[in-house]
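Here is a brief report on selected features of one structure. Please keep the sequence and the 3D view at hand.

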Amino acid sequence: MSNSAIDVPSRGGFSFDLCRRNDMLAKKGVNLPSFRKTGTTIVGLIFQDGVILGADTRATEGPIVCDKNCEKIHYMAPNIYCCGAGTAADTEAVTDMVSSQLQLHRYHTGRESRVVTALTLLKKHLFNYQGYVQAALVLGGVDCTGPHLHTIYPHGSTDTLPFATMGSGSLAAMAMFESKYKEGLTKDEGIQLVVDAICSGIFNDLGSGSNVDVCVITKGHKEYLRNHLLPNPRTFVNAKGYSFPKKTEVLLTKITPLRERVEVVEGGDAMEE
Amino acid sequence: MDLKMEDFNAPHSMGTTIIGVTYNGGVVLGADSRTSTGVYVANRASDKITQLTDNVYLCRSGSAADSQTVSDYVRYFLHQHTIQLGQPATVKVAANLVRLLSYNNKNFLQTGMIVGGWDKYEGGKIYGVPLGGTIIEQPFAIGGSGSSYLYGFFDQAWKEGMTEEEAEQLVVKAVSLAIARDGASGGVVRTVTINSEGVSRKFYPGDTLPLWHEELEPQNSLLDMMNVASPEPMNM
């Protein structure tokens with residue numbers, strides 16, 4: 001049989017040689033610094049007149065919570081939003097890029113963006129990068145063909161579902177959906193189920209935490225409910241408050257002028273060409 | 001149970017059972033509905049039988065990302081071909097495009113596929129396009145991790161010149177047998193039947209499938225099992 005090291009085509013596609021080198025180095029113990037990840041719970045569901053997306057707001061860097069109230073529901077188009085899990089930089093970059101492509105497409109066609117268009121652009125980019133762009137997404141929106149909900153994996157595969165969860169808290173959130181989801185939920189029931197699913201991620205998954213963001217998209221209307229629920233408020237606030245002296249304390253007023261170490265000579269010979 | 005984080009970063013893949021069978025007048029395609037990332041079932045009701053044209057369908061197995069990309073390209077090429085030709089593409093052309101992409105990119109793809117359909121020149125045809133990108137015209141083809149449990153069954157059960165009803169029942173029986181033995185296959189059974197009349201899709205929910213050796217009736221909870229017959233729940 002053919003040896004895969006020999007019959008690699010000479011052109012086309014990206015080169016992932018350095019990625020393989022980095023994997024080899026990592027195995028030998030040369031570890032790169034870690035990225036900011038959104039160990040996350042993100043969810044979405046279809047209800048009677050649209051789509052509801054939900055996310056927690058914790059961003060982590062290894063074991064450290066580096067942002068307690070970040071935004072994980074990204075804008076794609078006026079009628080389409082996208083929840084992101086994985087490396088924060090990648091989810092942010094890929095959603096921003098596709099949202100600008102969608103905006104240009106709208107200028108070009110003069111029509112509302114479709115969810116499948118966003119889906120195709122996202123999966124095309126992620127597939128090209130063979131999983132190295134670490135973005136796991138829940139894409140939801142309402143267009144002229146009705147409400148749509150999709151999940152997109154880092155390798156570029158997609159699913160179409162009535163309810164979806166992603167991120168490290170996806171198991172906890174999916175447990176809520178599997179036990180409580182039914183077709184034709186009202187808006188209030190839908191929001192409540194999304195909140196329950198996110199809370200189940202926040203309280204049972206170490207990678208998820210802090211607050212609940214919700215986004216409700218219906219035909220021709222959307223509601224971005226930033227910090228819809230705050231289940232983890234600060235428990236201790238000093239009753240006396242903290243006070244600081246208004247001015248900076250003056251320790252020294254003596255000014256020592258610095259002597260110029262280089263003397264600039266005006267005139268002199270012109271520089272040679 | 002060790003559930004590692006790597007499992008979630010593992011490629012989204014379809015440990016699958018896919019089947020294509022020819023019968024007297026057309027073809028039946030069948031598949032289970034489970035897709036998994038590592039040990040987590042990412043989608044329990046997925047559709048692995050994708051439409052390429054009006055009369056040609058494709059069963060996908062292996063990496064979900066790879067097989068979706070291949071099928072998206074082939075669908076696009078076939079639409080273009082249909083317009084240029086002014087008539088529907090044949091199954092052979094469709095299968096050959098799948099083969100072309102699979103073979104040319106064999107080092108980057110982890111996907112095996114079964115192309116099936118009907119055209120006016122050759123009638124119902126099944127083509128297997130396995131991992132290396134070869135193409136095999138077969139009276140029946142099986143694929144995916146669940147197929148290992150089915151070779152003997154098909155050698156015994158497949159007959160020349162079956163009716164549509166017989167072929168459909170054979171496919172449903174085969175997929176349910178594979179679901180019973182293969183951990184990576186599960187969920188529901190989906191079938192697509194293609195003949196001169198057109199296409200019909202069927203859906204068999206998991207709790208309506210036949211029960212095989214040592215399988216139990218579907219139960220909603222332990223309480224249901226306790227109410228049935230035996231007063232001693234531990235003796236069930």
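## Helix packing in chain A

In this predicted model, helix α2 (residues 88-109) of chain A packs against helix α3 (residues 115-128) of chain A. The angle is about 135°, and the axes lie 10 Å apart. Angles over 145 degrees would count as roughly antiparallel, and 65 to 115 as roughly perpendicular. The two helices, α2(A) and α3(A), are therefore oblique to each other. Their crossing is right-handed.

Which residues meet here? From α2(A) come A:V94, A:M97, A:V98, A:Q101 and A:L102. They meet A:T117, A:A118, A:L121, A:L122, A:H125 and A:L126 in α3(A).

## The annotated residue B:T16

The UniProt annotation "active site", from an unreviewed entry, covers B:T16. B:T16 sits in the loop of chain B between β1 (13-14) and β2 (18-23). Is B:T16 buried or exposed? Its relative accessibility is 0%, so B:T16 counts as buried.

Beyond residues up to four places away in sequence, B:T16 touches a set that includes B:D32, B:R60, B:D182 and B:S185. Also among them are B:G143, B:G144, B:S145 and B:G146. B:K48 is another of these contacts. The side chains of B:T16 and B:K48 are joined by a polar contact of 3.4 Å.

## B:T35 in strand β4

B:T35 belongs to strand β4 (residues 35-37) of chain B. At 2% relative accessibility, B:T35 counts as buried because the cut-off is under 20%.

Neighbours within four places in sequence aside, B:T35 contacts A:D159 in chain A. Its contacts in chain B include B:H12, B:S13, B:M14, B:Y40 and B:S46. B:K48 touches B:T35 and also B:T16.

Key. Residues numbered from 1 in each chain as written. Chains lettered and ligands numbered in written order. Predicted model: local features only at pLDDT ≥ 70, side-chain atom pairs only at ≥ 80, totals over all residues. Heavy atoms only, no water. UniProt positions renumbered as here; feature names shortened; annotations may be inferred. Helix = DSSP H or I, 4+ residues; strand = E, 2+ residues; numbered from the N terminus. Buried < 20%, exposed > 50% of the residue type's maximum accessible area, 1.4 Å probe, protein only. Contact = heavy atoms within 4.5 Å. Polar contact = N/O pair within 3.5 Å; in protein donor to acceptor, adjacent residues only side chain to side chain. Axes fitted to C-alpha atoms, helices over the stretch in contact; angles between N-to-C directions. Parallel < 35°, antiparallel > 145°, perpendicular 65-115°, else oblique. Left-handed = near helix turned anticlockwise from the far one by under 90°.
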